[in-house]
Amino acid sequence: MQQKTKLFLQVLKYSIPQLGKCMQKQPLNHCNFADHYYNRIKLKKYHLTKYLQNKPKISELARNIPSRSFSCKDLQPVKQENEKPLPENMDAFEKVRTRLETQPQEEYEIINVEVKHGGFVYYQEGCCLVRSKDEEDNDNYEVLFNLEELKLDQPFIDCIRVAPDEKYVAAKIRTEDSEASTCVVIKLSDQPVMEASFPNVSSFEWVKDEEDEDVLFYTFQRNLRCNDVYRATFGDNKRNERFYTEKDPSYFVFLYLTKDSRFLTMNIMNKMTSEVWLIDGLSPWDPPVLIQKRIYGVLYYVEHRDDELYILTNVGEPTEFKLMRTAADTPAIMNWDLFFTMKRNTKVIDLDMFKDHCVLFLKHSNLLYVNVIGLADDSVRSLKLPPWACGFIMDTNSDPKNCPFQLCSPIRPPKYYTYKFAEGKLFEETGHEDPITKTSRVLRLEAKSKDGKLVPMTIFHKTDSEDLQKKPLLVHVYGAYGMDLKMNFRPERRVLVDDGWILAYCHVRGGGELGLQWHADGRLTKKLNGLADLEACIKTLHGQGFSQPSLTTLTAFSAGGVLAGALCNSNPELLRAVTLEAPFLDVLNTMMDTTLPLTLEELEEWGNPSSDEKYRNYIKRYCPYQNIKPQHYPSIHITAYENDERVPLKGIVSYTEKLKEAIMEHTKDTGEGYQAPNIILDIQPGGNHVIEDSHKKITAQIKFLYEELGLDSTSVFEDLKKYLKF
């Protein structure tokens, strides 16, 4: 149900939750350490059709453990016209701000994979890997490799790493309809040439040995699992050898280079436990050093600065993440000293390390904060971010003076912010203000679940909406793996709000919005807490005047399908229509099948029904497939993918057939006059898990919702054309 790519906080999101095109990345079970490539605002015109892909977070590193879920892809920029060059002596932050002041917000977008190394910027242009000397004018570039040589269908670059002295560049290349990837290594010279290619690479990093030879470390993915680490050299001394193999099939291996490049960390983790080994960035042929042997239930992620290790870990009480540190030459757990603790109900989104500062990106009580820690004097400055903001998009940069990042919400494109250490201030982009800030409202409410637990909700609606009880409502839910509900910008969500819809994001237990305990309270034999939370949220919304059951719809993807499907069985009268994408609907039979690639890894989330009757009986209580019965159901639109390895198509087809049979039986028993719900299964070709910005999928889902609610969709599709290329 997930996938991912960075280090710290999302480790569990993907376990590296979504290490693929996704896994926000896992929860602080998934942290995110600033990567050496970064998404920056491209000073060209873009369409908002392009999907935002967060750079790998340390959190995601954890989530890189393939769960069943995922993220977004690159869109192609439109050619820029008649743009005047900016003064060369203007600093990077001022250049960005100046550009943003002179162009509409709808005309810029985030570039997914782009690396600045030395005097060059490396990125994808069309179907080519290219580099440019001028980061402000990328029209003058050198082509390094044509992706079409791989003979893939619509390939795109997922990740780039440049060797320390720029003799080589490595790029991971994927396609939209598959999770398979190829890593190509290009020798940089007057005539760039492909030196090597490796199939099924997940993470990879360069280091330089004592003889100034570039060494590439990479992990090999087989059946959605990364258990093998290789190291390779090129040129006259070419070799490729296996460096490490993880024997426990429930663990996943992910590589992360500390921001100062001093150590390459080999992170071995599952959703509950992690173990980190240090590979010396100056002597990569030496044996790695173990920081702390894996202890069940202990998660930790590592950064380095000035011969000290900074460790984000849940060790000790309370079992939430806190920041600890120790000398690099005494890394074992007994030497870890507590450095900084988080407030209760706080989720660590990411951590970034600078020469004199450590920056923590946090979510506390459903609001975003940045904590800037001065490493010289241990001072802490906590900055509360604008209430409209729902998510971070990180910039990895090498500028020790500034910490740039972006904020976004489901209905608002990213906005650029920079914290300047010297001034101790946070600067935001100025200029064009998105009109959505004045035409919409964001509310943060709480629903009381049946056990008294308060469940946070984030709600969006038009400012001038009258009689909200008569407006359509779209509820979002996930509630698994300690992963936050995805709240990145989506053009179709903005269009719905503009058309009068209410959007409600329910942050139920099982997710990670309030920290590790929030996840623990919604997994294994507490999974029904998430269902109770979802019911409470919808009833609270109706009770406070937000829509009504006949106008209420629900949407979920991947593991979110468990709670959505369970609600359709237990309280179908709360809903009029449901859209599901790659939904996990047959929990029991899937977790009984140990031949599936993710079953062993996911035992910590769902339990082992094969060997433990307690889990088998508990799963039967909520499993959507197991609880289908002849009764009224909301109309349901399901999007599935033909070769999805994370959520097998077989289970979705079985669910759909059983559901239709139950509806037919109920229709016969009810008699004439009963209008049976529509059950639609839309099977898309391809082997990816979720294709977020598929225009075909988006239009099909919106068309379904409007037809089920009897609404006119003419204007909404006209508005969508402003954002999507049909």
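This is a predicted model: local features need pLDDT of at least 70, side-chain atom pairs count only at pLDDT 80 or more; totals for chains, interfaces and linings use all residues.
Which residues is Thr 219 in contact with, leaving aside its neighbours within four places in sequence?

1. Surroundings of Thr 219. This residue belongs to strand 10, which runs over residues 214-222. Once its neighbours within four places in sequence are set aside, Thr 219 is in contact with Asn 200, Val 201, Ser 202, Ser 203, Cys 226, Asp 228, Val 229, Val 253 and Leu 255. Thr 219 counts as buried because its relative accessibility is 0%.

2. Strand 14 and its burial. Strand 14 comprises residues 263-269, and seven of its seven residues are buried, so that the strand is mostly covered. Phe 263, Thr 265, Asn 267 and Met 269 point one way from the strand, while Leu 264, Met 266 and Ile 268 point the other way. All of these residues, on either side, are buried.

3. Partners of strand 14. Strand 13 (residues 252-257) pairs with strand 14 in the antiparallel sense, over six bridges. Within this pairing, Phe 254 has Asn 267 of strand 14 as its bridge partner. The hairpin of strand 13 and strand 14 has five residues between the strands, and Ser 261 in this hairpin takes a positive phi near 65 degrees. Strand 14 also pairs with strand 15 (residues 274-280), again in the antiparallel sense, over seven bridges. Here the bridge partner of Thr 265 is Leu 278 in strand 15. The hairpin that joins strand 14 to strand 15 passes through four residues.

4. An open sheet is formed by four strands in the order 17-18-19-20, with antiparallel pairing. Strand 17 (300-305) and strand 20 (337-341) stand at the edges; each has a single partner strand, so one side of each is left without a neighbour in the sheet. From one strand to the next, the twist averages 30 degrees. Strand 19 (residues 322-327) pairs with strand 20 in the antiparallel sense over four bridges. In that pairing, Leu 323 has Phe 340 of strand 20 as its bridge partner.

5. Helix 12. The buried residues of helix 12 are Lys 697, Ile 698, Gln 701, Ile 702, Phe 704, Leu 705, Tyr 706, Glu 708 and Leu 709. For reading such a list, an α-helix has 3.6 residues a turn, so residues three or four places apart point the same way. Gly 710 follows helix 12 and has a positive phi, near 70 degrees.

6. Cysteines. How many disulfides does a search of the whole structure find? The search finds zero. In the case of Cys 128, the closest cysteine sulfur is that of Cys 127, and the separation of 6.7 Å is too far for a bond; the cut-off for a disulfide is 2.5 Å. Cys 128 counts as buried because its relative accessibility is 16%, where the limit for burial is under 20%. Cys 623 is also buried, with a relative accessible area of 0%.

7. Aromatic pairs. The whole structure contains 23 aromatic pairs. One of them is formed by Phe 584 and Trp 606, which are edge-to-face, with 5.4 Å centre to centre and 75 degrees between the planes. Phe 584 lies in the loop between strand 34 (577-581) and helix 8 (587-592), and Trp 606 lies in helix 9 (residues 603-606), so the pair ties together parts that are 22 residues apart in sequence. Elsewhere, Tyr 168, Phe 198, Trp 206, Tyr 218, Tyr 230 and Phe 234 form one aromatic cluster.

8. Ile 157. Is this residue buried or exposed? Ile 157 is buried, with a relative accessible area of 1%, and its place is in strand 5 (residues 155-162). The C-alpha atoms of Ile 157 and Tyr 123 are separated by 8.3 Å, although the two residues are 34 residues apart along the chain.

Conventions. Residues are numbered from 1 along each chain as its sequence is written. Side-chain values use heavy atoms; hydrogens and water are left out. Helices (H or I, at least four residues) and strands (E, at least two) are DSSP runs, numbered from the N terminus. Buried means under 20% relative accessible area, exposed over 50%, partly exposed in between (1.4 Å probe, protein chains only). Contact means heavy atoms within 4.5 Å. Two strands pair if DSSP finds at least two bridges between them. Axes are lines fitted to C-alpha atoms, for helices over the stretch in contact, and angles run from 0 to 180 degrees between N-to-C directions. Rings of Phe, Tyr and Trp (its six-membered ring) pair if their centres lie within 6.5 Å; planes under 30 degrees apart count as stacked, over 60 as edge-to-face and the rest as tilted.
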